[in-house]
Amino acid sequence: MARIRNTITEPVLALGRYSLLLFHAFGALPEFSRYKKNLWEQMVHIGFDSLPIVMLAAAFSGAVTTVQTSYQLVTPLIPKSIIGSIVAPSMILELGAVVTGFILAGRVGARIAAELGTMRVTEQIDALEAMGLNSIGYLIVPRVIAGVIMFPVLYVAACFVGITGGMMVGHFGGFVPMGEFVDGAREFFQPFDPIFGLIKSFVFGFTITSISCFKGYYTAGGAEGVGRSTTQAAVASCVFLLLADLILAATLL
Amino acid sequence: MIQVQNINKQFDDKQVLFDVSVDIVEGETLAIIGRSGSGKSVLMKHIIGLLKPDSGRILVDGTDINAISYGELREVRQHFGILFQGGALFDSMSAFDNVAFPLRTFTTKSEAEIREEVMICLNMVELPDVGPKMPSELSGGMQKRVALARAVSLRPRYILYDEPTSGLDPETSNTIDALIEGLAEQLNVTSIVVTHDMHSVLNIADRAAFIYKGRMHWTGTIDELHDSDDAILRDFVKANEYQIGH
């Protein structure tokens with residue numbers, strides 16, 4: 001009975017604590033100048049350091065989409081430009097943001113949770129508070145802002161590299177000449193598509209960093225607790241990223 | 001002056017503190033003693049507002065720290081320095097930056113003034129050369145001494161020590177005790193030392209407060225501790241390999 005009760009109450013309690021954490025984080029914004037030194041460092045960790053793996057994953061996503069589209073759709077009755085018409089919107093609308101999101105959930109989310117979790121179990125967060133510092137303002141606000149700023153940058157890079165990767169594989173693999181790929185991409189281009197992708201990337205950036213901060217900040221239970229928080233941060237970020245993806249697609253498209 | 005008045009604290013189903021009261025007088029060194037798990041560290045965290053009591057009050061210079069805003073509480077905390085059990089040095093910063101951190105955060109001093117102040121603090125703990133080292137490169141005792149330098153960098157009025165000698169060899173423990181005693185005199189601070197190390201208590205404390213199973217069982221001066229015939233207190237002291245009166 002107690003187990004059933006916990007299954008119901010724990011998610012509600014977690015949501016309440018997460019909301020309170022965000023409330024305190026927004027409350028710390030007026031004194032952000034004190035914590036802004038951390039922002040640049042976090043932007044480097046979250047954005048710049050993630051660039052190589054994001055670009056690699058995006059290039060392969062674009063390339064695989066090209067090959068699969070060619071396999072499924074290209075017949076003598078369908079023009080080869082259809083490959084560009086599918087690869088470019090796929091990257092801009094979905095893959096650019098989602099692939100980047102999954103990579104950041106694993107790479108950045110786990111890092112944030114492990115970092116804050118270790119600080120919690122070694123009393124470094126208590127030390128910050130005991131000095132009279134707002135630990136949420138100092139640790140969480142710069143990480144979330146860095147995520148919201150850098151995710152769209154990574155998204156743009158992922159789209160560019162993904163579409164280019166798809167085009168290159170199409171051209172050099174003999175699936176579609178570069179000119180036809182570009183023609184196809186242009187033909188079905190909607191100006192709202194990149195705006196939608198950018199909105200998604202803002203939401204994903206916020207979701208991943210805030211959930212990971214929450215999991216790390218409230219870590220308990222020593223080294224095992226840090227491991228648990230790190231795993232939960234990556235898993236929860238992925239789950240809520242998919243949920244946000246669906247909600248945004250259903251409401252904005 | 002710090003006044004702890006009738007505080008109770010429960011975690012989940014377990015009551016940790018029962019109606020605990022104690023006064024800490026300006027300028028004294030009070031040792032809070034008791035077995036592991038008796039509630040000493042929980043009491044210390046209440047004193048700085050890191051934990052809120054279920055009932056009761058903590059007054060710092062007459063201000064109830066649980067009845068003020070978070071911003072006001074942070075101002076009160078700036079009068080405190082804390083030495084955590086593991087040191088709690090920021091592991092992403094060098095020893096120098098750890099000590100400089102409160103100065104850079106809470107003062108408008110120039111980098112040159114901060115450098116000078118950090119060196120004074122590191123000299124106080126007799127570690128003038130460790131500035132460039134990272135916490136992971138320091139021994140446990142050295143980490144605690146750097147953490148102590150950080151705790152005193154803003155010249156607090158109160159210093160809280162959480163098990164300052166636990167896990168240290170007897171010689172290093174004596175060094176830490178001497179530092180605590182020296183800082184109390186040099187800086188004229190009020191010190192609260194949470195410990196179960198009776199050797200340390202006898203070296204540095206003016207008074208002791210004994211917590212037993214979450215209750216404030218006994219308080220008195222060190223002389224009164226020697227003369228006490230309280231059976232539970234005597235058992236605790238004996239278990240620490242010290243015979244009262246010797």
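1. The secondary structure of chain A amounts to 10 helices and 0 strands, and when chain A is read along its sequence the pattern is accordingly α-α-α-α-α-α-α-α-α-α. This is a predicted model, with an ipTM of 0.88 and a pTM of 0.87. For chain B the average pLDDT is 90, and 98% of the residues score at least 70.

2. On the overall form of chain A, the C-alpha atoms fill a box of roughly 70 × 50 × 30 Å, taken along the principal axes. Of the 253 residues in chain A, 47% are buried. Among contacts in chain A between residues at least 6 apart in sequence, 87% join residues at least 24 apart.

3. Helix α7 of chain A, which covers residues 135-172, deserves a paragraph of its own. Does its length fit what its residue count predicts, or what else does one find: how far apart are its end C-alpha atoms? At 1.5 Å a residue, the 38 residues of α7(A) should span 56 Å, and the end C-alpha atoms are 53 Å apart, which agrees. The helix bends by about 30 degrees at Val141(A), with a proline, Pro142(A), following within four residues. α7(A) is mostly covered, since 28 of its 38 residues are buried, and it is followed by Gly174(A), whose phi is positive, near 80 degrees.

4. Ile136(A) counts as buried because 23 other C-beta atoms lie within 10 Å, where 20 or more are required. Leaving out residues up to four places away in sequence, Ile136(A) touches Leu21(A), His24(A), Ala25(A), Ala28(A) and Val141(A). The C-alpha atoms of Ile136(A) and Tyr217(A), which are 81 residues apart along the chain, are separated by 8.5 Å.

5. Chain B is divided into domain 1 (2-79 + 156-239) and domain 2 (89-151), and the C-alpha centres of these two domains of chain B lie 25 Å apart. In chain B, 11 residues of domain 1 are in contact with 9 residues of domain 2. To the side of domain 1 of chain B that touches domain 2 of chain B, helix α6 (residues 170-187) of chain B gives the most, with 5 residues.

6. The largest nonpolar core holds 135 residues, of which Ile32(B), Ile47(B), Ile82(B), Val146(B), Leu160(B) and Ile192(B) touch the most other members. Helix α5 (residues 82-121) of chain A gives the most to this core, with 21 residues. Domain 1 and domain 2 of chain B both give residues to this core, so it lies between them. Leaving aside neighbours within four places in sequence, Ile32(B) is in contact with residues including Lys40(B), Leu43(B), Met44(B) and Ile192(B).

7. Asp12(B) has a positive phi, near 50 degrees, and its place is in the loop between β1 (2-11) and β2 (14-24) of chain B. Asp61(B) likewise has a positive phi, of about 50 degrees, although it is not a glycine, and it lies in the loop between β4 (55-60) and β5 (63-64) of chain B. Asp12(B) is exposed, with 5 other C-beta atoms within 10 Å, whereas Asp61(B) is partly exposed, with 13.

Notes. Residues numbered from 1 in each chain as written. Chains lettered and ligands numbered in written order. Predicted model: local features only at pLDDT ≥ 70, side-chain atom pairs only at ≥ 80, totals over all residues. Helix = DSSP H or I, 4+ residues; strand = E, 2+ residues; numbered from the N terminus. Buried ≥ 20, exposed ≤ 12 C-beta atoms within 10 Å, placed from the backbone. Contact = placed C-beta atoms within 7 Å. Expected span 1.5 Å × (residues − 1). Bend = angle between axes of the 7 residues up to and from the residue. pLDDT = per-residue confidence, 0-100. Core = buried A, V, L, I, M, F, W, Y, C linked by C-beta atoms within 7 Å. Domains from an automatic or database assignment.
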